[in-house]
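Please consult the sequence and the structure below alongside the text.

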Amino acid sequence: MKSFKRISIILLAIVLSLSAVGCGQKNGENTDADTPNKDGQVKEEVYDVVVIGGGGAGLSAAIEVKGAGASVVVLEKMSFIGGNTLISGGELNAPETWIQEKLGIEDSIEQYKEDTLKGGDNQADEKLVTVLANNARSAIEWLRDEVNVSFREDYLMQFGGHSVPRAAYPEGGSGDELISKLGAKVEEMDIPVRKQTKAEEILTDESGKVNGVRAVDKDGNEIIFKANKGVIVATGGFGSSLEMRKKYNPEYDERYMSTDQPGSTGDGIVMAEGLGAALIGMENIQTYPTCSPVTGVLSYVADTRFDGAVLVNKEGNRFVEELDRRDVISKAILSQTDGMGYLIWDTTVKNKSHMDNYMKEFDQLVKQGTLIKADTIEEAAKFFDINVDQLKETIAKYNEYAANGKDEDFNRRGEIIGLTEAPYYIQKVTPSVHHTMGGLKIDTEARVINNEGNPIPGLFAAGEVTGGIHGTNRLGGNAITDIVVFGRIAAESVLK
């Protein structure tokens, strides 16, 4: 696999542009770690809390720690902050929000909890899901009020597996809105972030309590970051580690590309496992169904699926409900001819979607030959050698369902929109590895649990590095909720 080539030009540009934004090298309690170890001695810095990972979970935790009056440092091995949050859509689920109230959408904490448990085949830790559900609304309000994240006030997404629309949509439709605002808050609070500094080992004292991290900076200097109160692991999942994927689930081998940023290599899992941390659900690896067949990158243009686009195969037939779970759709696509699916939508759906936010990606897909805009369905179908007659019959039947308000083939959730207004669009898509549901076992206080079932003193974790929250399958929009909820809880717990 050639991981670095899987990031599209657009996302790579975003990543590079943010590498120098927010979270510059700020002064910690000891600042000589910014200079080479000219005397050969190991440098040391002392904080109350050390956070490993500068993605959404780590930044959320660091902000809460500093807000409580404690000192904190963030270690980030990449040259930029953000992790997978940066290249996500940034949408997060929460029930009973002010946006749902404005839009007249009835929802409840219990319904959100039930959807999440069902979406993970009831294999998740119900106690963790209860914490997620109970704290989801306060998480989005915290982002709005404390971090200054802007959300659309007139729109909510309904990802597959959710019974109602409940995913708040950040301005711009990108995780860039979250990370830029989290980064700005970190900078405002004068929280030091050590970029290009890779954590190599989690340290303990004689009693076994976690008390620091050994790391190496970009110049090869070893630095010891002492943690008086504890360490929070927020290093993300292992979707970009072919070795770990094959170790825990051989299905996800070289055949699969990945949507994840290159830093998602499971470092935190490996380090904590060395201290006896228990792992849970490591075999549960999720694919995202609508990605580029060329780069493997998640396609935001393909979010037309949520706004009315229809998914067909090369034979011109629908084969799955478009708003089903990600794993269900992914498996269905892989079982089709060439392991490919084709999304088709018209101008009505295009205008309903937020495609204007993604026109650079749109143009790139056209150049790659994986998207076509045409005046007729026939023209669009011929471009991909899709059975024209059968596709026209499929769309005609679907338009009847739209007129009657019921999808008789797959019982599609949400609004059913007829595809009748030219021009038409067809996009070729295939699944890529997207999220790893397994990871470190934690309790409701984000404490990392060892193989004997006891908390490891001083060690906490949040985000995709943890397991047990999503069961066998994560519902769309739940990852961002997860990182904020448990990032804040980890901060609260480490300071107790």
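This is a predicted model: local features need pLDDT of at least 70, side-chain atom pairs count only at pLDDT 80 or more; totals for chains, interfaces and linings use all residues.

Residues are numbered from 1 along each chain as its sequence is written, and side-chain values use heavy atoms, with hydrogens and water left out. The structure holds 34 salt bridges, a salt bridge being a side-chain nitrogen of Lys or Arg within 4 Å of a carboxyl oxygen of Asp or Glu.

**Lys-102 and Glu-153**
- The closest N and O atoms of the salt bridge between Lys-102 and Glu-153 are 2.8 Å apart.
- Lys-102 belongs to helix H4 (residues 98-103) and Glu-153 to strand S4 (residues 151-157), so the pair ties together parts that are 51 residues apart in sequence. Helices (H or I, at least four residues) and strands (E, at least two) are DSSP runs numbered from the N terminus.
- Lys-102 counts as exposed at 56% relative accessibility, whereas Glu-153, at 32%, counts as partly exposed. Buried means under 20% relative accessible area, exposed over 50%, and partly exposed in between (1.4 Å probe, protein chains only).

**Glu-378 and Lys-392**
- A salt bridge joins the side chains of Glu-378 and Lys-392 (2.7 Å, N to O).
- This pair links distant parts of the chain, with Glu-378 in helix H14 (residues 377-383) and Lys-392 in helix H15 (residues 388-404), 14 residues apart.
- Glu-378 is partly exposed at 27% relative accessibility, and Lys-392 is partly exposed at 37%.
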